[in-house]
Protein chains: 2
Amino acid sequence: MSYPKVILALPEWVEELVCDPDREYPTEEDRMRLAIELSRRNVERGTGGPFGAGVFDLSTSRLVAPGVNLVTATNLSVAHAEIVAIMIAQQVVGHFDLGGHGRPAYELVATTEPCAQCFGAVPWSGVRRLACGARDEDAREIGFDEGSKMDDWIFSLERRGISVVRDVCRDEAAAVLNEYAEDGGEIYNARQGE
Amino acid sequence: MSYPKVILALPEWVEELVCDPDREYPTEEDRMRLAIELSRRNVERGTGGPFGAGVFDLSTSRLVAPGVNLVTATNLSVAHAEIVAIMIAQQVVGHFDLGGHGRPAYELVATTEPCAQCFGAVPWSGVRRLACGARDEDAREIGFDEGSKMDDWIFSLERRGISVVRDVCRDEAAAVLNEYAEDGGEIYNARQGE
């Protein structure tokens, strides 16, 4: 019995967009605007849902790995933008723990607050900071399901040494969600208790 | 700028162990014992942590995809046994939603109750049933961190139409955890609030 490999690659347009490895993203807004641009182009190019992310090295302000939602493109329900960015960052760094001894602080930037799965994945990734654009309710408003998340999810991350910053360019991030919905974009995984 | 692909493949020994695609696993215990065997061999072969899983088609009682913990082997913190089984099952089926219209009911069997990440991933996968062997506290007892999970995580899954059965061969599943700890196995991702 032979089982398929799982292969996950970024769409080619992502590598064209983030083509300068030396570019610095010094402010939270700089980093979020890149993630928002990823979310917008992901919809325009038809490669996935309206979500973008990135893992940044806070010691250099450089991008380590971009991420876009690739659920439909890869047939992987786990391939949310945050998970894609984390997985690629770990391949770049060569370790499953971005927070290991001697490493700089890495930040995960996500255009929407994490769903229940991505919330649970953040501590295992080793990132030290999470920056979010749109809020859960912005995603829910257009029909996306964020899953069952603890009310105190932010406190829970901070207790684990992961700082959380919300509402970074929230309106710009939410605008991509709203445009996606207005254009009739697919709201996958919205089944509940069928 | 070129980013690495993420490639995740099962260790060769897994395909040797589950070599008969027509084998049926009619009882919950049959299915769990396969997952436990996967967890045990994963440790013996040095391919990962003491966790095994499988996605089964409940209409045929056959295995769709096995999973083992591949965090250290692949440098992917998300590569818990459940996630590996779900990702491979979705490649086998050719869709990101195992619970889509017209599909049989799929069950995720896991040797330990899901951590916060895997709990969040279960609804997105489309499985209709989750069977667990060891409890959270059995994993915590040897130092593994199950993450911040809602107290009513089982109710939360059942409300979404996913039935949950616990304590399937719990002692046999927990025995693998205990043997792993006694043999000095690595307890990765145990940092908290450093």
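## Helix α8 on the sheet of chain B

Helix α8 (residues 170–182) of chain B lies across β4 (106–112) and β5 of chain B, and its direction runs at about 60° to β5(B). The axes behind such angles are lines fitted to C-alpha atoms, for helices over the stretch in contact, and the angles run from 0 to 180 degrees between N-to-C directions. Two residues are taken to be in contact if their C-beta atoms, placed from the backbone, lie within 7 Å. Helices (H or I, at least four residues) and strands (E, at least two) are DSSP runs, numbered from the N terminus.

This is a predicted model, in which local features need pLDDT of at least 70 and side-chain atom pairs count only at pLDDT 80 or more, while totals for chains, interfaces and linings use all residues. Residues are numbered from 1 along each chain as its sequence is written, and chains are lettered from A and ligands numbered from 1 in the order in which they are written.

## The sheet of chain B

Chain B holds an open sheet of five strands in the order β3-β2-β4-β5-β6, with mixed pairing, where two strands pair if DSSP finds at least two bridges between them. The edges are taken by β3 (62–68) and β6 (163–165) of chain B, each of which has a single partner strand, so one side of each is left without a neighbour in the sheet. From one strand to the next, the twist averages 15°.

Strand β5 (residues 129–134) of chain B is joined to β6(B) by three bridges, and the two strands run parallel. Within this pair, B:Arg129 has B:Ser163 in β6(B) as its bridge partner.

## Two loop residues with positive phi

B:Ser61, in the loop between β2 (52–57) and β3 of chain B, has phi near 65°, a positive value in a residue other than glycine. With 15 C-beta neighbours inside 10 Å, B:Ser61 counts as partly exposed; a residue is buried if 20 or more other C-beta atoms lie within 10 Å of its own, exposed if 12 or fewer, and partly exposed in between, with C-beta atoms placed from the backbone.

B:Asp167 is found in the loop between β6 and α8 of chain B, and although B:Asp167 is not a glycine, its phi is positive at about 65°. B:Asp167 has 14 C-beta neighbours inside 10 Å and therefore counts as partly exposed.

## The sheet of chain A and its helices

In chain A, five strands form an open sheet in the order β3-β2-β4-β5-β6, and the pairing is mixed. Strands β3 (62–68) and β6 (163–165) of chain A are the edge strands, each pairing on one side only, and the twist averages 15° from one strand to the next. Strand β2 (residues 52–57) of chain A pairs with strand β4 (residues 106–112) of chain A in the antiparallel sense over five bridges, and A:Ala53 has A:Ala110 in β4(A) as its bridge partner. Helix α4 (residues 81–93) of chain A packs on the sheet and touches β2, β3 and β4 of chain A, its direction making about 135° with that of β3(A). Helix α8(A) also packs on the sheet, touching β4 and β5 (129–134) of chain A, with its direction at about 60° to that of β5(A).

The axes of helix α2 (residues 28–44) and helix α8 (residues 170–182), both of chain A, come within 9 Å and cross at roughly 10°. That makes α2(A) roughly parallel to α8(A), given that angles under 35 degrees count as roughly parallel, over 145 as roughly antiparallel, 65 to 115 as roughly perpendicular and the rest as oblique. The contact is made by A:Ile36, A:Ser39, A:Arg40 and A:Val43 of α2(A) together with A:Glu172, A:Ala173, A:Val176 and A:Tyr180 of α8(A). By class, this contact has five nonpolar, one polar and two charged residues, where Ala, Val, Leu, Ile, Met, Phe, Trp, Tyr, Cys and Pro count as nonpolar, Asp, Glu, Lys and Arg as charged, and the others, Gly among them, as polar.

## Where the chains meet

The contact between the chains takes 57 residues from chain B and 57 residues from chain A. On the side of chain B that touches chain A, the largest share, eight residues, comes from α5(B), and by class that side has 29 nonpolar, 20 polar and eight charged residues. Strand β1 (residues 6–8) of chain A is joined to β1(B) by three bridges, the two running antiparallel, and A:Leu8 stands opposite B:Val6 in β1(B).

The axes of helix α5 (residues 116–125) of chain A and α5(B) come within 7 Å and cross at roughly 150°; α5(A) and α5(B) are therefore roughly antiparallel to each other. In this contact, residues of α5(A) including A:Phe119 and A:Trp124 meet residues of α5(B) including B:Phe119 and B:Trp124. By class, the contact of α5(A) with α5(B) has eight nonpolar, four polar and no charged residues.
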